[in-house]
Amino acid sequence: MRTGSSQDRVPYLSIGVFAQKIVDSLIKFIETGNSENLDAHLPEALASLKAATGEERSPDGPRSMHALPSYEQLRTFNEVATPERRKEIVGVLENLLDKRGSLKQRRRSAEKAVRFFYTLENRALRNFDQPTEPLPRGIRELCKQT
Amino acid sequence: MQTDLDGLLHDAASLRGFILAIVQFCEEHERSQTYLDSTYDFLGYVSRLGNRTVEHLQALIDEASRFKRWVREYRQKLVLIKRCWALLHSFVKPAADAHTLRIPVAFLQLLEDEIRTIPQFTKSRIVPLLSSELNYFQHRHTRLKRLGNELRSIIPNAEPFPEGLGFIAIPYSQGSSVFANVLIYHEAAHFVAEELSRRSDLSSYVAEELSTSIYESLKMAFGHSFENASERTRSWCSRLLARWCEEIYCDLFAIHLVGPAFTFAAVELFDLMGLLSEEEEAVDFSDSHPADACRFKEHVRILKSFGWWPSLVSLRTEQAKLVAKLAGIDEGEYSFSSQEEEFGSRLIKAFLRVRSRIRTLVKGIVGRDRSERKEFVTYNSTIRQYLNHGVVPSTVVFRNRLDFPTPIAVINAAFFFYLQGLPGLSDRLTTSRSAMGIKRRSELQAKVQMWTMKALEDHRLLRDQQERV
């Protein structure tokens, strides 16, 4: 038998840890100018966001941890931002990764990204605390249509 | 007035106290109890992770003192760490409770040995958890393992989660029972499915391997409307069928390894819980499990193919009759009453079409029938005779020489003996007055289980001695 406890909601914590990891490296960059961690974590963040936006999948395919979005990841991403907002953040992260613009501009971009990932983490924590998975609305129509 | 930084310090100090209480709890139990190696590994991991986390909390406060404008972000990080520790917290107590005086050690070691014969599982270990639920659970270790490893990205110097650990919860009242604990084989199958999964998104090997069959079967059941339905709807149906498939896979996996003892253990537990009292309930599928009638139909099918069925029929026990009755229920009677009738019936039809793929899948993993029917047939009457006289059947005199029946043969023979009402033993040790006393019968049942457990322990000892020689 499987459990139906808080362990089933762990994916939300994973999203929270993922977002926190990016926030940590963004803050470090903003405050010290050190982009070592940022360079290490941004590609994963970008791949994850792009996959959630449906833009592209990582070449690692489904084996990559965040490349193929889980239900929990999709749900949380969808709740915090419209596709347009996510695209905007993708652009911000790409600029940071490619080191486009002056240090001042990049710091401003990083602050924008902190706000996004902070909100994402916040939502993941809320979903962990109060998970719900309502039945899809169209499910009963499966029979009516035939 | 408290500043934001004071608030952060307060939260961090409180979190430190919470984590250190867990660390202390682990360390105290490691010192005062004896555990399986797997449990020591887990409790040790939790202690070390706790110490690393506490070190990090101080570093976090120092950093926040320098970069005050991010206090809100640091505070949320504390919440996240606390949630992760709350999850670990839920594992620690049941693991610490499962010391060797409370769990069927020999039985769990036998299970681990059997799982380790499957390629890719040579280093697998089971951490038993004592549960307050009267049921057996496999906890999704992949999630915990993954989270543990992910925590390393936000807690510097945290070590990786120990490899190969699985978590199975056992009802605290069943620690000394051999027969009820046969159900652990089903949970071990969940563990195997999770470990075999190629994906890291908490999928199961069963769902992955059967996804195409499930999809095709749903398409057949619902026609074009399935393909036209939303991704979410299709995914909901597929996941439901995958869950049902996994339960059948686990049952078949267990029977491959331990034979009819698993079927009887399931009957015992289900009956105890009153689940099989009404035929209506026996044919009803739930969100998580196929109907019991459907499960037992699969049990009977595989037991027949392994040649066990005649032995079961000859038992003439209530349990065997119940299994036969449930397996004989027409599949048209199956229902999924939590959904609308037509919708439920089509889902069931789609599921029934996938069953043959499940059977193939189990065979692919386990390799062959390992339920040792021939061994059982050879030693059954001797083992019964030994139990009848209160002798542990680990070493038996068979055809004038010393012989050692395998543990699986002992478990099945003892289970058969137990279900038949302990014939002979009961007559020998009861008077006409005490024959109908439940106390006496209960004591004898416990003794049979104790002798069986002892036989498993002896077998391990003998095997280890042989290996040393």
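1. Basis. This is a predicted model, in which local features need pLDDT of at least 70, side-chain atom pairs count only at pLDDT 80 or more, and totals for chains, interfaces and linings use all residues. Residues are numbered from 1 along each chain as its sequence is written, while chains are lettered from A and ligands numbered from 1 in the order in which they are written.

2. Chain B overall. The C-alpha atoms of chain B fill a box of roughly 80 × 60 × 45 Å along the principal axes. Chain B holds 19 helices and five strands. Helices (H or I, at least four residues) and strands (E, at least two) are DSSP runs, numbered from the N terminus. Of the 469 residues in chain B, 46% are buried. Buried is taken as 20 or more other C-beta atoms within 10 Å of a residue's own, exposed as 12 or fewer, and partly exposed as in between, with C-beta atoms placed from the backbone. Among contacts in chain B with a separation of 6 or more, 79% join residues 24 or more positions apart. A contact requires C-beta atoms, placed from the backbone, within 7 Å.

3. Domains. Chain B splits into domain 1 (4-178), domain 2 (205-366) and domain 3 (373-468). The bounds come from an automatic or database domain assignment. Over C-alpha atoms, the centres of domain 1 and domain 3 of chain B are 39 Å apart. Eight residues of domain 1 of chain B touch eight residues of domain 3 of chain B. The domain 1 side has five nonpolar, three polar and no charged residues. Here Ala, Val, Leu, Ile, Met, Phe, Trp, Tyr, Cys and Pro count as nonpolar, Asp, Glu, Lys and Arg as charged, and the others, Gly among them, as polar.

4. Helix contact between chains. Helix α1 (residues 10-32) of chain A meets helix α3 (residues 71-97) of chain B, with axes that come within 10 Å and cross at roughly 150°. Axes are lines fitted to C-alpha atoms, for helices over the stretch in contact, and angles run from 0 to 180 degrees between N-to-C directions. Contributors from α1(A) include A:Val10, A:Leu13 and A:Gly16, and those from α3(B) include B:Leu80, B:Arg83 and B:Leu87. By class, this contact has eight nonpolar, two polar and three charged residues.

5. Core. The largest nonpolar core has 180 residues, and B:Tyr185, B:Leu241, B:Tyr249 and B:Phe253 have the most contacts inside it. Such a core is a set of buried Ala, Val, Leu, Ile, Met, Phe, Trp, Tyr and Cys residues joined through C-beta atoms within 7 Å. Helix α9 (residues 231-258) of chain B gives the most, with 15 residues. Beyond four places in sequence, B:Tyr185 contacts B:Leu111, B:Ala254, B:Leu257, B:Val258 and B:Phe262.

6. B:Val354. This residue lies in helix α15 (residues 341-366) of chain B. B:Val354 is buried, with 20 other C-beta atoms within 10 Å. Its contacts beyond four places in sequence include B:Leu210, B:Ile214, B:Leu241 and B:Cys245. B:Ala242, 112 residues away along the chain, has its C-alpha atom 9.8 Å from that of B:Val354.

7. Positive phi. A:Lys99 is not a glycine, yet its phi is about 55°. A:Lys99 sits in the loop between α4 (83-98) and α5 (103-129) of chain A. B:Asn400, also not a glycine, has a positive phi of about 65°. B:Asn400 is in the loop between β4 (396-398) and β5 (401-403) of chain B. A:Lys99 is exposed, with 11 other C-beta atoms within 10 Å. B:Asn400 is exposed, with 6 C-beta neighbours inside 10 Å.

Methods:
Contact = placed C-beta atoms within 7 Å.
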